[in-house]
Amino acid sequence: MAEQPREDLVNLTIDGRPVSVPKGSLIWAAARKLGIEIPIYCYHPKMEPLGACRMCFVAVEKMPKLATACTTVVTEGMVVRTDTPAVKKGRQGTLEFLLINHPLDCPVCDKGGECDLQDFTLRHGPGGSRFDVSKRHFAKPIPVSEQILLDRERCIACQRCARFCQSVAMEDGLAMQERGFRTEVGVDPAAPFDSIFSGNVVEMCPVGALTAKSYRFVSRPWELKKTGSVCGLCSVGCNVRVDVRVDKVLRQYSRPNDDVDDGWLCDRGRWELDAINSQERLRTPLIRKDGLLQPASWDEAMRLVAGRLREIAERDGPGAVGGIGSTHTTNEEAYLFQKLLRAGLGTNNVDHHHGRFPAAAPGAVLPWAWTDSIAGLERASDILILGADPYHRQPIVDLRIRKAIRAGARVHIVTPEPNRLDRLAATVLRYTPGHTGEIARALLNVVTAEGLTRGEFAAQRAATVEARRASVANDTPEQVAETAGIESAALRALARDLAGAEAAVILYDEMATREPSGATLAADLLDLALLTGNFGRPGAGVGPLMEDNNSLGARDMGLLPDTLPGYRLVADQDARAALGAVWGATLVGEPGQTYEEMLGGGVKALYVLGADPARHLADAQLTHLNGFEFLVVQDMFLTETARRADVVLPAVAYTEKDGSFTNTERRVQRVRQAMQPLPGAKADWEILVGVARALGLSWRYLTPAEILSEIGRTVPLYAGASRRALGELGACWPLSPGARTPEGRPTVSGSPFLTWEMFERGVAPSGVSGATGAAGPELAVARGREE
Amino acid sequence: MAMDIIKGLNTTLRELGKKPTTVSYPEEKRPLPARFRGRHVLHRYENGLERCVGCFLCAGACPADAIYIEAAENSEEQRVSPGERYARVFDVNLLRCIFCGYCEQACPTGAITLERIYELSVTHPEDLVYHKEQLLEPLGSATRGSLDAWVAPAPDQTPTPLPGRQGFFDGLEASAAAVGQGDLPAETEIMIAGDTGDPHDTGVAGEEK
């Protein structure tokens, strides 16, 4: 965070220690900065102060009574004490009251051990009670949602949960009912609590009143091994704490990273961990013998894979082998996989299942990524959601959009299906599914035809703007209204809104580009942002919401037939030579086969890593999968594809290995091993190293950190990346090495938003890039060729 | 030299007439002190329900990491313990156990005690991992085990922490009641005079409902 100017700081003393905090801070935050604990229940740093629980009493000089630290704003020269007898007595009194009715069933309470009421009673409490009447008893537990149980006896009425539903999730859900000592949390039966963010109320409940069904009586906090990592379910990459007991992941808790998740986590990330704990997981390599998949040793399986791949490559040429990578594996594994195929087998036949983005052209680097950041949404004045469903697919981005709405942003929802944000949106437009691309072109049509272009970028390029106008001249909103069934006047108004917006963010779904009309969707929307000046500053930008946890990383790492890691073209001789020198191999300059070409039978031997192409294929195409001479599948489960394989290699889940993921806002973050790998299975990178060594390559990676350091040296977008440099919070690419910390830890600095000047420079700040930046940035369609 | 021999034999002769210290085990067994710490026993209430509520506190207190528990939820059809929670799996690895007795001190319900059971030799080491069925006292028996030898008797006139329950203060009974009502009746008196327990009844006469 940037250093605050001195005049914006307020000086005060707490318990005799001086501290300076920004204007408008609360006493609680100032004390926290000094490491002084002020107990809180109703206050939550991510929500507005309430001052209901009276737990955070402090003594402020010249104030006649005790003040609540969570509602009192610091003033210059304030003298605060948290340790006077009056403060202690005040806190003890509050706790004694809270405990009148709170049951002492800590031994059977799921919160016991991580409960604020327990902790604060121990540290600040009276140690005894003068109330010896019966406690209240209610029927329990009451389900308040599919996932959450309510125990009303335990509730201390801090209202955190109700305020979360109301002001953070902005949805129906928990609310306070009744008054006085009968106050309790409840749900209106007419407005059920079915939010995907519901798990956050369990985490923020300071007592065990709200508990999770999936974690009910499963463990106690002191039994858990807690590891800070990154969630591997969707492309948001929320920072999590993985809680493991013995050999099972029991839950994920949020690990606040304000730039990514703002301290929240969705229910999928929190509880949908069944795949990791599944009994169905593969525990031994399988080799097809006599038509059946039979258990085999790792050594035998790896030697067979290497032998057969080598044999087919030598017999029919390297072009006869190919690989399909995964959007779930780490960057390190994606990098090794394409390195194995490119350097080890001499083929560019490597791809994965991804959205359709125009291919890069010589001299221009086109990383199709969100040019702004998740945190940048808060600074947007307008947010366009085109054909995407962040609530279900990238939930925490949806939550950030809600925060942006609270900050004043207008949201425009243009989707085929009803969207959970409709209720809060300024514009809601529906269209026939499959026509997302036409809508993008219609928006571009309005902007160019009505002369709504603005900004330096458009001003300098009159000729290309004119060319662009001509290319979408037929896609008028009226035309598109007919085919896509959308209201043309509203579409026109939307285009004008975007063109006139202070700062607009345009988001679309990666998979919308796979629609028949989506071939140029990414390019059209990028141009729309460039021409309307919504580009290159926080709160303005354009980009896809990616499909999986490492969809972007897979592209970055060169799991594409025509680009090397870091989007350098395979045709680029300098890039090939530079990378070849590091890899000790001569690389082929001919682009390889695409995903569809390989699966269509373009190769004889196929290596599928962590993907299940059978899922994406029509039944008629499934027979192709049986047609491969040699099919290797590396996965956690015996998938549809794996059932057809000749060799199946069992891999482990993301909680069982180290590595890094790149999320949809380009942030490279460390994934850490939280548990022992499943016996019999190996991490994908380990398997790849084993296969490479069986192929005769001299790979000497002992840890994923070594692979990441190599990526940091060879991939310009990831320059300076290393396990230590990425640290706890990660950074958005393009990365560049930073100065070392005083302790000697290397650092890396990221780029929260992309500017068109970066495109001009070829994004690559240094390294082996062959990007020449010869002609400067042009509009996407002018630069790119269609894939 | 001769004196030394006589001196030595003197000791022998002196001990010759005494009763030997050794006992002829296993025909004969030595009486054990009340607080002897042998194998664990899991106790029941008089109504047959298990005292253990699967709270993991014994496992948390165990310095040798000898206890492994998996808890589950009671249902109306299948009630194992009072309250909501019970131990579905309760394993004690007696090869790890150091018989320190911390588990019985940690237990909020007096469910686990170390008893005077010391004949634990087996042929296979895995047989020394005792499962819940082996540790639990048989149905029909409801003892407190060595607990009475450990818990000091309550002083006279100690106020009771549980209204409606006569008797001396007993930490175990109090916390057992909190975690699952123990073997006490679950109904409690109405807290405020005139309160019917109906949340819509404001208790004020004449007020519109």
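Start with the largest nonpolar core, which has 82 residues. Select Y41(A), F164(A), L174(A), V201(A), L210(A), I383(A) and I401(A), the members that touch the most other members. A nonpolar core here is a set of buried Ala, Val, Leu, Ile, Met, Phe, Trp, Tyr and Cys residues joined through side-chain atoms within 4.5 Å. Buried means under 20% relative accessible area, exposed means over 50%, and partly exposed is in between (1.4 Å probe, protein chains only). In soluble globular proteins, nonpolar side chains tend to be buried together.

Before moving on, note that this is a predicted model: local features need pLDDT of at least 70, side-chain atom pairs count only at pLDDT 80 or more, and totals for chains, interfaces and linings use all residues. Residues are numbered from 1 along each chain as its sequence is written, chains are lettered from A and ligands numbered from 1 in the order in which they are written, and side-chain values use heavy atoms, without hydrogens and water.

**Helix α11 and the core**

Colour helix α11 of chain A, residues 395-406. Helices (H or I, at least four residues) and strands (E, at least two) are DSSP runs, numbered from the N terminus.

Now centre on V201(A). Which residues is V201(A) in contact with, leaving aside its neighbours within four places in sequence? They are I148(A), C161(A), F164(A), C165(A), L174(A), F193(A) and L210(A). Contact means heavy atoms within 4.5 Å.

Another core, of 71 residues, lies apart from the largest one. Select Y335(A), W583(A), A731(A) and W733(A), which are among its members.

**Around R402(A)**

Go back to helix α11 and pick D398(A), which sits in this helix. D398(A) is buried, at 0% relative accessible area. Its side chain makes a polar contact with the side chain of R402(A), at 2.6 Å. A polar contact is a pair of N or O atoms within 3.5 Å; within protein, one must be able to donate a hydrogen and the other to accept it, and residues adjacent in sequence count only if both atoms are side-chain atoms. Beyond its neighbours within four places in sequence, D398(A) is in contact with F197(A), P390(A), Y391(A) and L421(A).

R402(A) forms a salt bridge with E171(A), with the closest N and O atoms 3.6 Å apart. A salt bridge is a side-chain nitrogen of Lys or Arg within 4 Å of a carboxyl oxygen of Asp or Glu. R402(A) is in helix α11 and E171(A) in the loop between α4 and β8 of chain A, so the pair ties together parts that are 231 residues apart in sequence. Both R402(A) and E171(A) are buried.

M170(A) lies in the loop between α4 (160-168) and β8 (174-177) of chain A. M170(A) counts as buried, at 16% relative accessibility.

The whole structure has 66 salt bridges over all chains. For one of them, select E311(A) and R308(A), whose closest N and O atoms are 3.3 Å apart. These two are three residues apart in helix α8 (residues 298-316) of chain A, separated by about one helical turn. E311(A) is partly exposed, at 37%, and so is R308(A), at 21%.

Next, show both chains. D105(A), K140(A), D151(A), E153(A), R154(A), R216(A), E73(B) and E84(B) are linked in a network of salt bridges.

**Rings**

There are eleven aromatic pairs over all chains. Rings of Phe, Tyr and Trp (its six-membered ring) pair if their centres lie within 6.5 Å; planes under 30 degrees apart count as stacked, over 60 as edge-to-face and the rest as tilted.

Select F337(A) and Y607(A). Their ring centres are 5.3 Å apart and their planes at 80°, so the pair is edge-to-face. F337(A) is in helix α9 (residues 331-344) and Y607(A) in strand β25 (residues 605-609), both of chain A, so the pair ties together parts that are 270 residues apart in sequence. F337(A) is buried, at 1%, and Y607(A) is buried, at 1%.

Then take F357(A) and W368(A). This pair is stacked, 6.2 Å centre to centre with 15° between the planes. Both residues are buried.

Finish with R251(A), which lies over the face of Y253(A), 4.2 Å from the ring centre. A charge sits over a ring if NZ of Lys or CZ of Arg is within 6 Å of the ring centre and within 35 degrees of the ring normal. K682(A) lies over the face of W298(A), at 5.4 Å from the ring centre.
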